[in-house]
Amino acid sequence: IVTIAHLDRVMYILGYLPKENRVYLGDKDVNVVTYLLPLSVLEYQTAVMRQDFDAADKFLPHIPTEQRTRVARFLEKQGFKKQALEVTSDPEHKFEIAIATKDLKVAVQLARETQSEQRWKQLADLALAMSELELAKQCLKEAKDFNGLLLLASST
């Protein structure tokens with residue numbers, strides 16, 4: 001189940017136009033409201049819920065780019081973080097998932113693209129937790145975390 005919108009009054013479904021990917025709702029006063037609801041996203045999510053990833057992969061190319069992050073968040077909530085990492089188009093979200101899945105290679109690549117000190121610190125923490133001391137040292141240098149470098153040098 002995906003929330004499309006929170007309604008402040010009772011609305012009735014009037015219909016869905018697949019050509020426009022919109023669901024139409026109306027109220028008692030004949031006010032009509034439409035919401036974007038891409039059929040490809042629904043088909044993809046349905047396939048994921050059935051855990052039919054072969055079918056889901058067939059729907060993925062038809063999902064609009066602006067909907068990819070939304071689909072990735074759905075995958076993440078369902079516990080499919082590896083798939084979410086592949087689907088998302090938002091670099092910030094991709095970095096979060098890479099850290100959560102302990103995918104150091106992707107996380108390093110994304111940290112290099114943005115050169116954010118915060119990302120380098122997060123990556124250094126993950127590298128230390130995974131006993132990747134050389135990577136941790138490199139990350140701490142990039143983050144300009146001299147206290148962390150001193151601690152790392154004195155403990156190894």
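## Buried residues of α5

In this predicted model, the buried residues of α5 are His 93, Phe 95, Ile 97, Ala 98 and Ile 99. The elements that cover these buried residues include α3 (68-77), α4 (81-87), α6 and α7 (117-129).

## The loop after α5

Just after α5, Lys 102 has a positive phi of about 60°. Asp 103 also lies in this region, in the loop that joins α5 (91-100) to α6 (104-114).

The side chain of Asp 103 comes to 3.4 Å from the backbone nitrogen of Val 106. When neighbours within four places in sequence are set aside, Asp 103 contacts Leu 85 and Ala 98; Ala 98 is one of the buried residues of α5. Glu 20 is 83 residues from Asp 103 along the chain, and the C-alpha atoms of the two are 38 Å apart.

## Packing of α6 and α7

Two packed helices are described by the distance between their axes and the angle between those axes. For α6 and α7, the axes come within 9 Å and cross at roughly 160°. Angles over 145 degrees count as roughly antiparallel, so α6 is roughly antiparallel to α7. The crossing of these two helices is left-handed.

On the α6 side, the contact is made by Leu 104, Ala 107, Val 108, Leu 110, Ala 111, Arg 112 and Thr 114. They meet Arg 119, Trp 120, Leu 123, Leu 126 and Ala 127 of α7. By class, the contact of α6 with α7 consists of nine nonpolar residues, one polar residue and two charged residues.

Key
Residues numbered from 1 in each chain as written. Predicted model: local features only at pLDDT ≥ 70, side-chain atom pairs only at ≥ 80, totals over all residues. Heavy atoms only, no water. Helix = DSSP H or I, 4+ residues; strand = E, 2+ residues; numbered from the N terminus. Contact = heavy atoms within 4.5 Å. Polar contact = N/O pair within 3.5 Å; in protein donor to acceptor, adjacent residues only side chain to side chain. Buried < 20%, exposed > 50% of the residue type's maximum accessible area, 1.4 Å probe, protein only. Axes fitted to C-alpha atoms, helices over the stretch in contact; angles between N-to-C directions. Parallel < 35°, antiparallel > 145°, perpendicular 65-115°, else oblique. Left-handed = near helix turned anticlockwise from the far one by under 90°. Nonpolar A, V, L, I, M, F, W, Y, C, P; charged D, E, K, R; others polar.
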